[in-house]
Amino acid sequence: MNEAPDDGPSTSASASTSAGAARPLPVADVAELGERVLAEVGTAVVGMRDALQIALATILAGGHVLFEDVPGLGKTLAARSLAAALGLDFARLQCTPDLLPADITGSSVFDPATRTFEFRPGPVFTGLFLADEINRTAPKTQSALLEAMAERQVSIEGTSRPLPRPFHVLATSNPVEYEGTYPLPEAQLDRFMVRLAVGYPDADQEAEVLTRRLARRQEAAPVRQVVDPATVLAMQAGTEAVAVDPDVVRYCVDLAASTRGHTALEVGASPRGSQNLVLLARAVAVLDGRDYVLPEDVKRVAVPVLAHRITLTPTAWASATRPESVVSDLLRAVPTPATVRSR
């Protein structure tokens, strides 16, 4: 069970209005709380600062995260630690080929005592849902998350049931081993705001992981709660209140549009890609303590946002071209606006 939140700016349910809608927090408070969350997660997770900051920004932007990397790099620990620091209920589901949609959403069970069917919610009814190795379960089960990710609700036996707020999905996928896996369909991939790769730690970071484990004398790495769900909603509302310069908006549109005519790409990014680009860039700016977005914020998040939304041509795939390198090339090719704060 999580500890009580630390004292600080708007770290309790008072961040919500009496009507239940979140009252926006000032940018400075969002940035301070975000830094405290990242610092607390950093007590358990080593060497993932950039990925964790983008993951936190994705949550502030209302999106979902796909971690695609080899096993054993701490992705599950990162998700659990992030949920604990944010005060969100956490549920983890290990995906397997025999998993059914009802194993995610829940189902009705007959109660002999009352002779009625009682709905028992599945693990998706939580604040932060971790779908571990999502590419190991069948497409039918993967698609059970589509409505949850897009609408924050699930439809079960003809009834729509709302999910808690906030609700976010963090999924992991193994990009190396393909036997017994099911590649995520395009519609599912497009629902993830970002796809992140952690990468192997360097020697010093790996030694730090081992040293911390020996010092704890236990497997668990406890993380203290920094905020609560009401404050997370208020941080999200504060992020939504930040305006974006029209030049930056157009830059996001131009980047996404440039993928649609690239010779190495069969399918380019959709308008959802450009929208997620500007939303995530805004969240990154807020975490940096700014109430305005720079083109550099867009460049920082362009690869995580766009690379999984494009499809290579067979020729490009055969020549070992990577989507990430295509997006990086486009960042150099598309003119950067000379935008300054317009207030």
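**Entry 1: Thr126**

Between which two strands does the loop with Thr126 lie? I located Thr126 in the loop between strand S4, residues 116-121, and strand S5, residues 128-132. I note at the outset that the model is predicted.

I then listed the contacts of Thr126, leaving out residues up to four places away in sequence. Thr126 touches Asp89, Phe90 and Ala91, and also Pro164, Pro166 and Phe167. For Phe90 I recorded a further detail: the side chain of Thr126 reaches the backbone nitrogen of Phe90 at 3.4 Å.

**Entry 2: Asp98**

I turned to Asp98, which I found in the loop between strand S2 (90-94) and helix H4 (101-105). Is Asp98 buried or exposed? Its relative accessibility is 60%, and because exposed means over 50%, Asp98 counts as exposed.

I looked up the side chain of Asp98 and found a polar contact with the side chain of Thr96, at 2.6 Å. I also checked a pair of positions that are 40 residues apart along the chain, Asp98 and Ala138. Their C-alpha atoms are separated by 7.7 Å.

**Entry 3: Asp297**

I looked up a further aspartate, Asp297, and placed it in helix H12, which covers residues 295-306. With a relative accessibility of 5%, Asp297 counts as buried.

Which residues does Asp297 touch, not counting those up to four places away in sequence? I wrote down Ala281, Val284, Ala285, Asp288, Arg290 and Tyr292.

**Entry 4: the second largest pocket**

My last search concerned empty space. Rolling a probe the size of a water molecule over the atoms shows where such space is left. I noted that the second largest pocket holds about 710 Å³ of space.

How many residues line the second largest pocket? I recorded 33 residues, and those nearest its centre are Ala44, Val45, Gly74, Leu77 and Ala221.

I then asked which helices contribute to the lining. Helix H3 (75-86) and helix H8 (203-216) each supply at least two residues of the lining of the second largest pocket. I marked H8 as the source of the largest share of this lining, with 7 residues.

Notes: Residues numbered from 1 in each chain as written. Predicted model: local features only at pLDDT ≥ 70, side-chain atom pairs only at ≥ 80, totals over all residues. Heavy atoms only, no water. 1 Å grid on protein atoms, 1.4 Å probe; cavity = no way out; pocket = protein on both sides within 12 Å on 5 of 7 lines; lining within 4 Å. Points joined across faces, edges and corners; volume = space filled by probe spheres on them. Helix = DSSP H or I, 4+ residues; strand = E, 2+ residues; numbered from the N terminus. Polar contact = N/O pair within 3.5 Å; in protein donor to acceptor, adjacent residues only side chain to side chain. Contact = heavy atoms within 4.5 Å. Buried < 20%, exposed > 50% of the residue type's maximum accessible area, 1.4 Å probe, protein only.
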